[in-house]
Amino acid sequence: MNMSLSTLTISQAHEKLKKKEISSVELVKACIERIEKVDKNLNAVVFRNFDRALEEAKKTDSVGKFDHPLTGIPYLAKDVYCEKGVPTTACSNVLRDKTYLPPFDSTTTKRLKAKGAISIGKTNTDEFTMGASTETSCYGVTKCPWDLTRVAGGSSGGSAAAVSADECVFALGTDTGGSIRQPASFCGCVGLKVTYGRTSRYGGVSMASSLDSIGTLVKSVEDAALVLESIAGKDPMDSTTSDRPVPGYLRSLKGGLKGLKIGLPKEYFAKGIDPEVEQAVRSAAETMRKLGAEILDVSLPRTKYAIATYYVLCPCEVSSNMARYDGIRYGHTAAKPKDLIDYYLRARSTGFGPEVKRRIMIGTFALSAGYYDAYYLKAQKVRTLIKNEFEDAFKQVDIILSPVAPTPAFKVGAHTDDPLAMYLEDAFTVPINLAGIPGLSLPCGFSKNNLPIGMQLLGPQWAEETILRAGYAYEQATDWHKQKPALV
Amino acid sequence: MPALTQAQVQHIAKLARLTLTPAEAEKMTKELSSILQYVEQLKEVNTDSVIPTAQVTGLTNTLREDQVKPSEAKPDDLLGCSPMPIVEHQIQVPHAHG
């Protein structure tokens, strides 16, 4: 059992820092030691910013003021968050070759810095966040801390594995089609995907701009509320952020489940789902019923079209976003070009990996003359129907409860030769991004071979308070989130 | 429509500014065809008079004051990110016509 300080949650560490029982330097050192001990097996951390982190922790300790819960707390950011002067590669050779050093901070890391949180490094992700297993990363796959022959999930697999293995106190991830919730589920930690527009995307490397969202991977629901309170809110640098006031998420955590209506969508318990996953989520519903919630059946009949819709819209946005990697302003380059077009072709073709190329190709096709109406426009219309369906369901219930993924963590290499099979892994997560609503992924059981199982609590737009409150009540009544992988 | 030809795939690659080797093109043709075949099911959905969704925020015309503000990244910092030669504070790129 790992009893290092790095096992603490944010709120536990904060109590100790405030009482001067521990120092920020000790906390940072505990995370560093843990990374040095276990990361050779996990491959979750792709850049180690230890010297700078220790320097900042020293400064924090010498000031000695721990008024904000994040002050002096070490975290890891997915390798898509720009931090001034810190290598940021999106785990792609495109940005790794010339080691892209952003000349600015992302809004999220800047806001965390302002509260005194300490960045200790960057975590692994699928290349430009395109994948469900971190297997497309130029640094290689991140392993599941519970079984090193399996994937940590993706794309935020590095952040999920790092949190679950206590390599940090909390981590940042991004979620475009499930990239926070699915790895959180595979690794047994808590992951929050917020309402689109609740957090700023500025300074995060873009994949699909109408679907990308910025969020956290943490060890408890309380920590999810705490980090969200610090990073949410209008940002003049991201015109898609909302100016709605940011509620006090921590204050409303303890409201309990009494009177809350929770819907189980029958389409999320259909064929293809692992019976152990179904059983774990249904028994979580039963626990919540005992805690005072009312459980109802709901139907989201267009769920079956979500993958097809997503895998048109996402690649279209990808093909547009990836156009910026032309080898001119930053990134991978090509020697002795004949002319400009030859330069573009060679810089891009030798830089991007196969999954990124595949999505650029699908998107370019679907947006090209003659196909736009049949693919892109059609998918945008089906997106409307999927979004409306959720809105209708939320007229009957306050929250929807479903599995996060059809199975627990799969084996490394299981889907390498079949891109479509990998896409189908996202069946329960992509509808949420299409609708733009929030989803909280949290542990709700284990399979017979000791792999974590996750469930997601979904709310209407801007209802983070409700799903956090429900998640908190469930967490208080269970101890799944306290289980730790038996890593050496 | 689903099954693509290799010639079509090479044409799309050119539009996307990617070069595919014959082996890559063959693999890509199979993979794209199977993905597009899967996507065909969207045709089953009746979308007559449905308004397409491009974004979900509900925000329209987000405007700000047109003011010049100092940027965190200075011009030289940005030029410093380029892998190309920098000449008189400009990026030197290959000729557009060979």
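Residues are numbered from 1 along each chain as its sequence is written, with chains lettered from A and ligands numbered from 1 in the order in which they are written. In this predicted model local features need pLDDT of at least 70 and side-chain atom pairs count only at pLDDT 80 or more, while totals for chains, interfaces and linings use all residues.

Q: What makes a residue part of the contact of chain A and chain B?
A: Two residues are in contact if their C-beta atoms, placed from the backbone, lie within 7 Å. By that rule, 56 residues from chain A and 44 residues from chain B take part.

Q: Which element supplies the largest share of the side of chain A that touches chain B?
A: That is α13(A), with eleven residues. Helices are DSSP runs of H or I with at least four residues, strands are E runs of at least two, and both are numbered from the N terminus. The run α13 covers 373–396, so it counts as a helix element.

Q: Why are 5–301 + 401–482 of chain A called domain 1?
A: Because domain bounds come from an automatic or database domain assignment, and the one for chain A gives domain 1 those bounds and domain 2 308–385.

Q: How many residues of domain 1 of chain A are in contact with domain 2 of chain A?
A: In domain 1, 26 residues meet 20 residues of domain 2. α4(A) gives the most to the domain 1 side, with three residues.
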